[in-house]
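Here's a quick briefing on charge pairs and helix packing. Have a look at the sequence and fold first, then we'll go through them together.

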Amino acid sequence: MPSILITLLGVALGTGIWLYVLRRYDRVEPEAIRHLLMVGIVGGGASLVAAVIMNGWIGGRFGIYLDTLGTVDLSLNNLVGLTLATGVVEETLKLIAAILATRWLGDFDEPVDGMIYAMTTALGFAAFENVLYAYQYGNQLLLSRFLWPVPAHMAYAAVWGYGMVLARYASSRRPGWI
């Protein structure tokens with residue numbers, strides 16, 4: 001079992017670097033750091049808890065073990081289960097958390113904010129996920145997770161974050177739903 005202090009410091013450092021990179025794209029009216037931290041912690045944490053529950057249910061339903069570090073059986077049953085769990089479930093839960101967080105903060109006042117809040121939610125999700133993986137498999141995997149899965153979570157969030165922007169700003173005839 002790895003030292004929790006080293007895990008938390010490693011996750012905080014990696015998350016802080018990605019948050020710095022992300023925030024550099026919000027140049028006109030940057031979001032307050034405390035808002036981004038709240039969205040990352042609350043939105044990312046809540047969506048991860050819900051994803052763990054849903055992934056467990058889907059894993060039981062399809063008879064698969066959703067372990068991305070173990071061997072993966074490429075049967076149709078496993079592929080469908082893994083796609084539903086990691087793709088549809090996680091991204092949907094992160095979207096819901098980002099929408100609720102932006103409504104709660106009330107600071108979605110320019111198009112880039114949708115992308116920033118979406119990607120910050122995904123960053124929080126990935127940070128909490130990394131703590132879980134480090135606890136299970138050791139701190140040695142943290143560097144590799146911050147080089148690939150964390151930016152992947154953020155990239156996927158950019159896609160639905162753009163959808164949030166369209167929902168909010170695309171039509172001048174109706175107010176946005178976000």
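Are glutamate 91 and lysine 94 buried or exposed? Both glutamate 91 and lysine 94 come out buried. Keep in mind that this is a predicted model.

**Salt bridges**

- The count of salt bridges here comes to two.
- One of them pairs glutamate 91 with lysine 94, and their closest N and O atoms sit 2.8 Å apart.
- Why are these two about one helical turn from each other? Glutamate 91 and lysine 94 are both in helix H3 (residues 76-105), and they are separated by about one turn because they lie three residues apart there.
- The other bridge joins the side chains of arginine 145 and glutamate 129, at 2.7 Å from N to O.
- Arginine 145 belongs to helix H5 (residues 142-147) and glutamate 129 to helix H4 (residues 111-137), so this pair ties together parts that are 16 residues apart in sequence.
- Arginine 145 and glutamate 129 are buried too.
- As background, side chains of opposite charge can pair when their charged atoms come close.

**H3 against H4**

- The H3 and H4 axes come within 9 Å of each other, crossing at roughly 125°.
- That angle makes H3 oblique to H4.
- The crossing of H3 past H4 is right-handed.
- On the H3 side, the contact uses Glu90, Lys94, Ala97, Ala98, Thr102 and Leu105.
- H4 brings Tyr117, Ala118, Thr121, Ala122, Phe125 and Glu129 to that contact.
- Sorted by class, the H3 and H4 contact has seven nonpolar, two polar and three charged residues.

**H1 against H4**

- Helix H1 (residues 4-23) packs on H4 at an angle of about 160°, and the axes are 10 Å apart.
- H1 and H4 are therefore roughly antiparallel to each other.
- H1 also passes H4 in a right-handed crossing.
- From H1, the residues that meet H4 are Thr7, Leu8, Val11, Thr15, Trp18, Leu19 and Leu22.
- Their partners in H4 are Ile116, Met119, Thr120, Leu123, Ala127, Asn130, Val131 and Ala134.

How values were computed. Residues are numbered from 1 along each chain as its sequence is written. This is a predicted model: local features need pLDDT of at least 70, side-chain atom pairs count only at pLDDT 80 or more; totals for chains, interfaces and linings use all residues. Side-chain values use heavy atoms; hydrogens and water are left out. A salt bridge is a side-chain nitrogen of Lys or Arg within 4 Å of a carboxyl oxygen of Asp or Glu. Helices (H or I, at least four residues) and strands (E, at least two) are DSSP runs, numbered from the N terminus. Buried means under 20% relative accessible area, exposed over 50%, partly exposed in between (1.4 Å probe, protein chains only). Axes are lines fitted to C-alpha atoms, for helices over the stretch in contact, and angles run from 0 to 180 degrees between N-to-C directions. Angles under 35 degrees count as roughly parallel, over 145 as roughly antiparallel, 65 to 115 as roughly perpendicular and the rest as oblique. A crossing is left-handed if the near helix is turned anticlockwise from the far one by less than a right angle, and right-handed if clockwise. Contact means heavy atoms within 4.5 Å. Ala, Val, Leu, Ile, Met, Phe, Trp, Tyr, Cys and Pro count as nonpolar, Asp, Glu, Lys and Arg as charged, and the others, Gly among them, as polar.
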